[in-house]
Amino acid sequence: MDSASLLQFLISGLTVGSTYGLTALGFTIIFNTTGIINFAQGEFVMLGGMLSVFFMRIAGLDEASAIVLAVAAVTLAGALIERFTIRPVKDASIINLIIITIGVSIFIRGLAMLAWGKDTFALPPFSGDAPIALFGAVVMPQSIWVLAISLLILSGLKAFFSGTIYGKGMLACAQDKKAAYLVGISVERMVLLSFMISGLVGAVGGAILAPITLTSFDVGVILGLKGFAACILGGLGNPFGAAAGGLILGVLESFGAGLLSSAYKDAFAFIILLLLLFVRPSGLFGTREAKRV
Amino acid sequence: MQGLKKDLLLTGAFLSALCLAPWVLPSGYYLTVLIMCCLNAMTVVGLNLLLGYAGQISLGHAAFYGLAAYTTAILTTTLGLPVALGMLAGVGLAALVAFVIGIPTLKLSGNYLAMATLGFGVIVYIFLNETVGLTGGPSGFTGIPRLNAAGLTLSSDRSYYYLTAAVLCAVVLLSLNLIRSRLGRALRALHTSEKAAQAVGIDIARYKLFIFVLSAAFAGAAGVLYAHYLTFIAPSSFGFLFSVELLVMVVLGGMASVWGSVTGAFFLTALPEFLRMFENVEIIIYGAILILCMMFLPRGLAGGVSSLAVRLRGRARPGEDDHAS
Amino acid sequence: MKLKGLVLALAMAFLVSACSTEPESVKIGAVLSATGPASFLGEPEKNTMQMLQEEINAKGGVLGKKLEIVIYDDETDVNKCVLAAKKLLDKDGVVAVAGPSVSGNTLAIIKFFEEAKIPLVSCAASEKIVTPVNAWVFNTPQLDRHAVTRIMLDAKAKGLNNIAIITVSNGFGQSGRAVLQELLPPNGFNLVADEVYGPKDTDMTAQLTKIKAAGADAIICWGTNPGPAVVARNRVQLGIDTPLYMSHGVASKKFIELAGPAAEGIMLPAGRLIVADQIPDDNPQKPLLLSYAKAYTEKYNAPVSTFGGHGWDSIKLIVEAINMGKSAKPADIRDNLEKIKGFVGTGGVFNYSPENHNGLDENAFVMVVIKDGDWKIMD
């Protein structure tokens, strides 16, 4: 296999991987504050893409304002979900809350199907679709947009968690809810905030990816699965790990398809993930003590 | 012995109810719904032993179900072996795979364990889908024979239903017994605190593995019965969404409650049939029912029923609640 | 309280729906994938059948009775399909069933129809459905074999001998892949690459890069939306100018919309429905195709697709069989289906016989090319 092809596999892997990474970031934020794996995270991504399409086509807005509006709407949806399905039962066990998010994801998917039908839609790319040549391989301008915005979000989150009082408060909730409550942090508000930020990150992802991956009411399922895998691969709870995990998963799939067999590419990625977990039970960059007995 | 008597009585009553059902609901359609309910219930009871008692999550049980179904399908259809043998081999293989996978996997915990089992499920699904020569690939495996044990062919839906109901009751009885045994107590200790359980000399790894293998065998039993009932299987029935659905049945039914699991499985399997008339809105209603149940019945359907019973009796007897199983 | 109310409402609705029976009607059942991954098939089929029911009843129904089509959604799920079929057979007492939309679901329920002795006219294309012939089972779509034959004729004429295939890993892609693997080598083609992608994949660059390196003269892609649209886009992005053939699975306007400019020049075999206005006036299908397309577009405000046509053909063939024998008894419908000759449907002209339960040949397809964002018949 020549080097241009290998480079092409890498580029395509990074593009696909950023879709996983962006979903994984959303998982991380809610997990860090609540310990919940939010099964509706993939639906946030779907809503980001579908609402952008909807605002552009039906409401006739230009792409940028459509996306901004879509992101705002999904952030609001995140808040509503927390307020109406999580807060009323906040003392329930984690597994119950996780099942609630499964219910929420089914509910949202159903609503989206009813509202926009079962078709697939595409958003126009932000700056044309003329490929850029790079050492014999090609890069799409949209891929560069995606990678750049993902990096921006990642550094934004880092600044938020380490530099603002809200960010620190959310981290405190992750460490110990009771202690956070005792030192005067409003845990409820932090949980609400985490759902909103998750919604925001997911929606941005959905909107910037839609020109490449296309979107439909049911894209959330597979994105949720891959995003969760990316989280675990990178080490749950670590935003940097989540993003890196996503990129690695994408690259593994792409090289698996290119060099081994396209039929088994997903199996290949998951086998590597399993082997890695057996060696490192808390993921690549996991900070938490793994309970190995 | 009090417990055993109660369990036998309850299981006997349940079996009689199942046997009476075809007379009350005469159409073959209801029989098929009930068979599906029984099959899912078997798997869910096993999964609850793992999740509710041993405290270990699995998002890969659809894979054991599928592996067993394909094993018996290939052995009986492609190789022409007797159905009973194929069924045994199917359950055996599911248990064996669980044993091999369980050793490294059960060292993980929480979400990492969830991911590892999920990943295992995805891998099995892809292999079922891609080894077209062996499994028939995504368009499915056709022509699986019906069960013919001891000279009589269980070709009618009704006789097959009785068989399925009997197997479910055996699974239930076995599980209830297990919970009351030494092993059950050890498991509860394990669930409460792994460290403490280890300190009093419980071999945690072995118990976890045993339950994992047992639950896979239950899933396998459901899988082989499914294959020989439908006589057609396709990988899409054994995907990760089915694993998630099984998990939902466990939690919705009530954690650490065998009867809860049976209730959860019957409820969620039959629910879509009742919602059929809502067409496109069906999925929304299904999601909403799931959310509402989890919000208002935190201990699942079983917990809800037992607290209702307590309330009806007019006085709180908190001790009773834990006996919901 | 809320929950109780809901349960009560559900129970009431269930009772009401269970009690309503109308004796003086001919009841035909349908199991379709109106939701789930194959909804692109099931939804237009369902719409078409509902439209047909109104149309037929407005013209006096069947044998002077009202036609009633009971449609259930199987959500593209095997188990739900089995339950729906059981409900139609055991509870609703239908005289014939149209559907299911996908091959796997059809294969799963065939034996119930054999046992119940009710004819099934499937809207799914797999050859396994009709070979070997099952007395009670028919299907209406053109077979993959016919589509591949049309593509091979075209490729041969253009002198394209080294073929790369890229297929989706679901039932549709698998059955196409099997036929391609079977037919290409004995007809003088070299299969230089055999790639697969997942139904939900969003990037096929890796597979296409491999195909590019394999030196193919032509690429054949077998899948249904949205995968082939991604293949088309990635192909243009990678600067591959090898001719690209698609399957009849993308013969809907949606594909052109999704692939955008990348759709230009793509060739595929398709039923005549999408190019109804371009076919010669003496073609027997023309008036039917034009009127069906017009009626569908007006009623549902959506472009017509060949998939909905499979639904039209299934129902109309059953009704034709009923009218032929002046009997709505399942066994008579079955016997008369086998006697149908020269029936003009949307998919082609049907000639059923005891040996042939598909009834179409490769003439049911024309080769079309995408030009200026629309279909154009190739000659």
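# Close-up views of the chain contacts and salt bridges

View 1. For the interface of chain C and chain B, the rule finds 1 salt bridge. This is a predicted model, in which local features need pLDDT of at least 70 and side-chain atom pairs count only at pLDDT 80 or more, while totals for chains, interfaces and linings use all residues. Residues are numbered from 1 along each chain as its sequence is written, chains are lettered from A and ligands numbered from 1 in the order in which they are written, and side-chain values use heavy atoms, with hydrogens and water left out.

**View 2. Chain C meets chain B through 32 residues of chain C and 38 residues of chain B.** Contact means heavy atoms within 4.5 Å. Together the two chains bury about 3100 Å², with 62% of that on carbon and sulfur atoms. Buried area is the accessible area (1.4 Å probe) that two parts lose on being put together, summed over both. Polar contacts join 9 residue pairs here, both partners at pLDDT 80 or more. A polar contact is a pair of N or O atoms within 3.5 Å; within protein, one must be able to donate a hydrogen and the other to accept it, and residues adjacent in sequence count only if both atoms are side-chain atoms. On the chain C side, helix H1 (2–19), strand E2 (66–73), helix H3 (78–92), helix H4 (103–116) and helix H6 (171–183) each supply at least two residues. H3(C) gives the most, with 10 residues. Helices (H or I, at least four residues) and strands (E, at least two) are DSSP runs, numbered from the N terminus.

**View 3. Ser27(B) sits in a loop and touches chain C.** The loop lies between helix H1 (2–24) and helix H2 (28–53) of chain B. Is Ser27(B) buried or exposed? Ser27(B) is buried, because its relative accessible area is 12%; buried means under 20%, exposed over 50% and partly exposed in between (1.4 Å probe, protein chains only). The side chain of Ser27(B) reaches the backbone nitrogen of Tyr29(B) at 3.0 Å. Beyond its neighbours within four places in sequence, Ser27(B) is in contact with Asp90(C) and Lys91(C).

**View 4. Chain B and chain A share an interface of about 3800 Å² buried area.** Carbon and sulfur atoms give 81% of this area. Tyr112(B), Met115(B) and Met295(B) supply 18% of what chain B buries against chain A, more than any other three residues. The contact takes 40 residues from chain B and 44 residues from chain A. How many salt bridges are there between chain B and chain A? The count is 0, and 3 residue pairs are in polar contact, both at pLDDT 80 or more. H4, helix H5 (110–130), helix H9 (194–199), helix H11 (240–253) and helix H13 (282–296) of chain B each give two or more residues to the side that touches chain A. H5(B) gives the most, with 13 residues.

**View 5. Glu43(C) and Lys118(A) form a salt bridge.** The closest N and O atoms are 3.0 Å apart. Glu43(C) lies in helix H2 (residues 39–58) of chain C and Lys118(A) in the loop between helix H4 (94–116) and strand E1 (132–134) of chain A, so the pair joins two chains. Glu43(C) is partly exposed at 31% relative accessible area, whereas Lys118(A) counts as buried at 12%.

**View 6. Two salt bridges lie within chain C.** Asp374(C) and Lys253(C) have their closest N and O atoms 3.4 Å apart. This pair links distant parts of the chain, 121 residues apart: Asp374(C) is in strand E14 (residues 374–377) and Lys253(C) in helix H9 (residues 253–259). Asp374(C) is partly exposed at 34%, and Lys253(C) is partly exposed at 37%. Lys294(C) and Glu298(C) meet at 3.6 Å, N to O. Both lie in helix H10 (residues 286–300) of chain C, and because they are 4 residues apart, about one helical turn separates them. Lys294(C) is exposed at 53%, and Glu298(C) is exposed at 58%.

Key. A salt bridge is a side-chain nitrogen of Lys or Arg within 4 Å of a carboxyl oxygen of Asp or Glu.
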